[in-house]
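Below are some comments on the charged side chains of this model and on a few features of its backbone. Please read them with the coordinates open.

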Amino acid sequence: MRILIVEDDAALAAQMKQSLIDVGYSVDHAEDGEDGHFLGDTEPYDAIILDLGLPIMDGASVLKKWRSDGREMPVLILTARDGWTDKVEGLDAGADDYLTKPFMMEELLARLRALIRRSVGQSSPQFSCGPVILDTRNGRVSVDGRAIKLTAQEFKLLSYLMHHEGKVISRTELTEHIYDQDFDRDSNTIEVFVNRIRKKLDVPIIGTVRGLGYRLEWQEGKA
């Protein structure tokens, strides 16, 4: 999953970014509303953390422009204001959830996980496909109860496929969602990661759709 943080408080942004990276997200950061709007409008984020009190363009205006342009990614707004009217303004602008500063990082992560799950129609924090289970709360993957050790990039790729079970996902889409903006992206490595995941899971859940990409699905009796 790839996340955008739009926050002008450098210390808070750095803390959020590191916390997200530590649990397996790819993260980009914008320091003002103008840059944040541009990234959110041009890059495929799975969720966005948006501060309301931003320089150049305030968060509510940024969000309204995204929604008017048809951008539907989940947005969690942050505000240091105590007034309920600011929360209402953010929600009416198109936000999916909010947090008031200061907040515990664990709550931010939990709310973000819930937003991403709901955006793909999933209510449980555990994603399953046949005997494979991916727990978004602790980043653990298991097959028939047996723990599987994946690298950070392998986990990101499998997590994205699990969040979009049954859909054909191209190499380009996978590349855009498992790497942040500054990473030297190479879609050719996706095939390497997929092959490694297949070997580690040792169950046939990742299929290749020739010329299009990959699809995650469980077909009973194929194992």
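1. Arg111 and Glu107 form a salt bridge, with 2.9 Å between the closest N and O atoms, where a salt bridge is taken as a side-chain nitrogen of Lys or Arg within 4 Å of a carboxyl oxygen of Asp or Glu. Both residues belong to helix α5, in which they stand four residues apart, about one turn of the helix; helices (H or I, at least four residues) and strands (E, at least two) are DSSP runs numbered from the N terminus. Glu107 is partly exposed at 33% relative accessibility, and Arg111 is likewise classed as partly exposed, at 28%; buried means under 20% relative accessible area, exposed over 50%, and partly exposed in between, with a 1.4 Å probe and protein chains only.

2. The model is a predicted one, in which local features need pLDDT of at least 70 and side-chain atom pairs count only at pLDDT 80 or more, whereas totals for chains, interfaces and linings use all residues. Residues are numbered from 1 along each chain as its sequence is written, and side-chain values use heavy atoms, with hydrogens and water left out.

3. Arg111 also meets the side chain of Asp97 in a salt bridge (2.8 Å, N to O). Because Asp97 lies in strand β5 (residues 97-100) and Arg111 in helix α5 (residues 105-119), this pair ties together parts that are 14 residues apart in sequence. Asp97 is buried, its relative accessible area being 13%.

4. Which helices are tied together by the pair Arg196 and Glu154? The closest N and O atoms of their salt bridge are 3.9 Å apart, and, since Arg196 lies in helix α8 (residues 188-201) and Glu154 in helix α6 (residues 152-163), the pair ties together parts that are 42 residues apart in sequence. Arg196 is partly exposed at 40% relative accessibility, whereas Glu154 is buried at 1%.

5. Salt bridges with shared partners also join Arg2, Asp28 and Glu43 into one network. Within this group, the side chains of Glu43 and Arg2 make a polar contact at 3.0 Å, that is, a pair of N or O atoms within 3.5 Å, of which, within protein, one must be able to donate a hydrogen and the other to accept it, residues adjacent in sequence counting only if both atoms are side-chain atoms. Glu43 is placed in the loop between α2 and β3 (47-51) and is buried, at 17% relative accessibility. Over the whole structure, a search finds twelve salt bridges.

6. A surface patch of negative charge gathers Asp8, Asp9, Glu31, Glu34 and Asp35; patches are made of residues with over 30% relative accessible area and no salt bridge, like charges being joined within 9 Å and nonpolar side chains (Val, Leu, Ile, Met, Phe, Trp, Tyr) within 5 Å. One of these residues, Glu31, lies in the loop between β2 (26-30) and α2 (33-42), and is exposed at 53% relative accessibility.

7. Some backbone features deserve a look. The peptide bond from Lys101 to Pro102 is cis, with omega near -5 degrees, and Pro102 is found in the loop between β5 and α5. Asp144, in the loop between β8 (140-143) and β9 (146-148), has a positive phi, near 55 degrees, in a residue other than glycine, and is exposed at 66%. Asp202, in the loop between α8 and β11 (206-209), has a positive phi near 60 degrees and is exposed at 63%.

Key: Areas by Shrake-Rupley, 256 points an atom, 1.4 Å probe, with all protein chains shown as cover. Lys, Arg positive; Asp, Glu negative; His and termini not counted. Charge placed at Lys NZ, Arg CZ, Asp CG, Glu CD.
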